[in-house]
Structure formats: C-alpha cells, structure tokens
Amino acid sequence: MDIKSGLRFIFVVLIGLVSSQPLHAALPVSDGQGQPLPSLAPMLEQVLPAVVNISTRGRVRAADNPLMQDPFFRRFFGVPDQPRERATQSLGSGVIVDAKNGYVLTNNHVIDKADEITVTLKDGRSLTATLIGKDPEADVAVIQIPAEKLVAVTLTDSDRVRVGDFVVAIGNPFGLGQTVTSGIVSAKGRSGLGIEGYEDFIQTDASINPGNSGGALVNLRGELVGVNTAILAPGGGNIGIGFAIPVNMLRTLMDQLVAHGEVRRGRVGLSVQDLTADLAKAFGIKETRGAVIAKTLKDSPAEKAGLKTGDVVVAINGKPVSSSAELRNIFGLLQIGEVVVVEVIRDGKPRTLRVTIAEPVSVTLEGKRVSPVLQGATFSAIEEGNLTYGRIEGVLVTKVESGSPAWRAGLRKNDVIVSINRQPVPHLDALQRIVKTAQRGLLINLRRGDEALFILIQ
C-alpha cells in the first residue's frame, strides 16, 4: 500500500468512527482523477445562511477625573454640566434559531449598551434588529429581525455531545466577515473560570477569536451544539482553547428571554461548597464528587423540603452533581414554581427530597427616599444563600429608570454597591445611614459583573 492509499484508508476509518449516521458533510464523488476528496462544503452550504454578523453603535458615559465632578472645578475649567459621553462600536456574530419569528441568539456582551443593532445576513442584506431580552449572568441575548426569507439552524442535544466529536466554529472574527474553522470538543462542563456568572461551557480547539462571540458551534451534521462566547488567550489571540455555551442551556434561557425579556431566577435558600476527599472522609461516605450543604435558610424552600446542613447533594432531577458550581448552574436554569427532585447522602444513606423553587424574597428601598441624587433607583438586600450574588456583601440595584438622576450618576441595574464613602454597605439600613450623614458627596464602590469601579456623585 502506497502512502496516498494509506492516508485515504486512515481518513475513511476516522470518518466511520465519528458517527454511524449519514453525515451531511459528504464526500464528493471524484476530484476528476478518481480520487475522493473530503469536504465540509455541503454541510456549510446549509448552515452558513443561519449565521449572521452583528454590528452595534451606542454611547456610554466617559470616565471623568473625580475632581471634575465637583461643581466648583467644573465652572473653573469651563466643563459643561451635562456628563461627557463617547461613542461605542461593537462587532460580533449571531445565530438564527427561529426563522418564523426572526429570533437570533447571540452573546449579551455583543449587544450590551447598544442603541442600534444591525444584522448582516449571508446574502448581503442589512437589517435593523430589536432587543428581545438579555441575561448578563449567562452572557446570552435574543434579538429579533424581520422574518423574511430567513434560514434557521437545527438544534441538537448538547448533553449527547462527546469529547472528541468534530465541530465547526462559524463567526465574524476581527470583523473580517463570515469565517469557518474546525476542531474537536476538547472538554465539557467547564465552570469556575470566572468568565460568566453561570458557566457550563463546551471547550473546543476550533479557532475562536474576537468577533466570533455569538457565532455558531455546529457538529458535522450542521446542528447547533453551542454558541461561541469566550477564549482563553493570555496573548490576545487564539491558542486553541475556546468556550461555547451549550445549546441545552441556551434553550432554557431563550424561552424565558422571549417570554419575559429577562431570566427570572427563583429562590432555594441554601449555601453550598464542594465535596472534598477530607469532607467525604469526615462524613463517612464513599462519594468524592458532589456539593455539601453548608447552610439552609430559615423558612426557605430548601428547609421546607427537609434539606439539612451536612447533606451531600449528588443529583438533581436525575442529573449527577459533581461540584457546587454545577449545582448553582442547575438551580440557575430552573423556573419559579418548578419542583426539583434532589438526591442527597445523609449519614451515609441516600435520600430523595423535593424542592419547589420559590419567588425571590427581598426588601426594597426607593432611592428617592434616601437622597435626591439616587432618585430613579431601587435597591434590594441580597438574601443570604442567593446563588447569584450571595458571595458578595453589599446592596443590589434592582432597577434604574433611564434618564433619572441615578441613571445620570452612572448606576445601572444589577450593580452591587459594596461601600459608600469607604464605609461597607452590607444591608439597606447601612445604605440609608451613610447616605443621609454624607457631608459632600457619595463615593460609591460597586461591582458590575466581574468589574469593580468607583462612581462619584455630588
């Protein structure tokens, strides 16, 4: 057997191992000399029209030197009273998942702070999109374009995707236009990376670069496996480690975004930590993977269901739980009112309990009751055991009216105020006390996503 025949034999064997089902990525009959050539072109011809390029325009408040927010200095230097703004632009990708309604899935960071969203289709059409809903915690957004002659991608079951499966990434890297790269699934269930609030990534070595965000990750049948969302790139470019949000997670989020414009996460009322080998030994159990309940809150759904401190959660709705991060992701996708079957190990014996996801319970405070400069904002205490913000000690901004004094000051929904005038703000009473006793202004330290920043309000 010569080298060429040997290579052809190896390729045929590999294709046979990928799937026992017929592939859309078919081989052409001949290259003109009787030699078959492998190609993804037939599959891509069906998928490429469903992947779009997204460009946005917006305006954000420009950062000022804190001194420039003092009225005296502004008048002295002739700085206008209205806040300075700067134009922003963004490029990314999206995937048409519903041709009938014109729904496009993308990443929240692609369309965040956008005043205008323009979608460019494969056939060259440029359409203005409308934001349907977004979830910054999972970095997912749904936008809508006119439903005229659109092509949607078929969704697969991402739970059935295996490490080693061949995948193809499609997007708009560096604004070059539609680009295709290929690779394999390198890992599944990646979490704890600190990229998003909720993480359950598919890792791939298909080249993903800036601009690929929101694009499609498909299998060789042209079915959507996930949406490309992030890269691990210390040098700023692709090094073969990219991450995609799995399509099963996207399905759940999209349903809520279309119905409500946001993801309404419910209340469970527990604090958890990873099960370590030492903890497993201390509890006298053989399991080495799971989530240990460190605390259940009084009158919470968890307590009412019978969950107790020291229980080791090993499965939710029959799905194994290997870590506290995985447990948090599962609960974060459940809807209010849903009944969850929780399997735990207690005193070395298995138990099955049912937990009903409840409405979040929070005490709110209107900003106008505290100070005129906070008018338009609504604040809420962060409930202990909150799986989204429970690790941060502060006060949550639950609402900010556009154009209000609080909005102009720079506060935004989902900001967490950690301190004011360098004093900790662990609860609403502290917020009121510090603001009402402030002499000159408010130096607010807050968390916005993974960022920490200061806002000075005079």
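**Close-up views of a predicted model**

**Figure 1. Helix α5 from end to end.** Helix α5 covers residues 247-260; at 1.5 Å a residue, its 14 residues should span 20 Å, and its end C-alpha atoms are 20 Å apart, which agrees. The expected span is 1.5 Å times one less than the number of residues in the helix. This is a predicted model, in which local features need pLDDT of at least 70 and side-chain atom pairs count only at pLDDT 80 or more, while totals for chains, interfaces and linings use all residues. Residues are numbered from 1 along each chain as its sequence is written, and side-chain values use heavy atoms, with hydrogens and water left out. Helices (H or I, at least four residues) and strands (E, at least two) are DSSP runs, numbered from the N terminus. Which residues of α5 are buried? They are Val247, Met249, Leu250, Leu253, Met254, Gln256 and Leu257. Here buried means under 20% relative accessible area, exposed means over 50%, and partly exposed is in between (1.4 Å probe, protein chains only). As a reminder for reading such a list, an α-helix has 3.6 residues a turn, so residues three or four places apart point the same way. Just after α5, look for Gly261, which takes a positive phi of about 80 degrees.

**Figure 2. Met249 and its surroundings.** Met249 sits in helix α5 and is buried, with a relative accessible area of 6%. Leaving aside neighbours within four places in sequence, Met249 is in contact (heavy atoms within 4.5 Å) with Ala138, Tyr198, Asp200 and Leu333. Take Asp200: Met249 and Asp200 are 49 residues apart in sequence, yet their C-alpha atoms are 8.2 Å apart in space.

**Figure 3. Two nonpolar cores.** A nonpolar core is a set of buried Ala, Val, Leu, Ile, Met, Phe, Trp, Tyr and Cys residues joined through side-chain atoms within 4.5 Å. The largest one here has 33 residues, and those with the most contacts inside it are Val97, Val140, Val153, Ile170, Val218 and Leu224. The largest share of this core, six residues, comes from α5. Apart from it lies another core, of 23 residues, with Leu374, Val397, Ile420 and Val435 among them. In soluble globular proteins, nonpolar side chains tend to be buried together. Zoom in on Ile170: beyond neighbours within four places in sequence, its contacts include Leu44, Val47, Leu48, Val51 and Val218.

**Figure 4. A pair of aromatic rings.** Rings of Phe, Tyr and Trp (its six-membered ring) pair if their centres lie within 6.5 Å; planes under 30 degrees apart count as stacked, over 60 as edge-to-face and the rest as tilted. How many aromatic pairs does this rule find? The count comes to one. The rings of Phe201 and Phe243 have their centres 5.6 Å apart and their planes at 40 degrees, so the pair is tilted. Phe201 lies in strand β11 (residues 201-204) and Phe243 in strand β14 (residues 242-246), so the pair ties together parts that are 42 residues apart in sequence. Phe201 is buried at a relative accessible area of 1%, and Phe243 is buried too, at 4%.

**Figure 5. Helix α8 under cover.** Helix α8 is mostly covered, with seven of its nine residues buried. These are Ser324, Leu327, Arg328, Asn329, Ile330, Phe331 and Gly332. They pack against strands β15 (270-274), β16 (291-296), β17 (312-316), β18 (319-320) and β19 (339-346). Is Ser324 buried or exposed? At 18% relative accessibility, Ser324 counts as buried. Setting aside neighbours within four places in sequence, Ser324 is in contact with Val272, Gln273, Asp274, Gly290 and Ala291.

Figure 6. Two strands pair if DSSP finds at least two bridges between them. Strand β22 (residues 377-381) and strand β23 (residues 395-400) pair in the antiparallel sense over five bridges, and Ala381 stands opposite Val395 in β23. On to the next pairing: β23 and strand β24 (residues 416-420) are joined in the antiparallel sense over two bridges, where Leu396 stands opposite Val416 in β24.

**Figure 7. Asp165 in its loop.** Asp165 is found in the loop between β8 (154-155) and β9 (166-171). The side chain of Asp165 reaches the backbone nitrogen of Arg162 at 2.9 Å. Apart from neighbours within four places in sequence, Asp165 is in contact with Arg160, Gly183, Ile184 and Val185.

Notes. A polar contact is a pair of N or O atoms within 3.5 Å; within protein, one must be able to donate a hydrogen and the other to accept it, and residues adjacent in sequence count only if both atoms are side-chain atoms.
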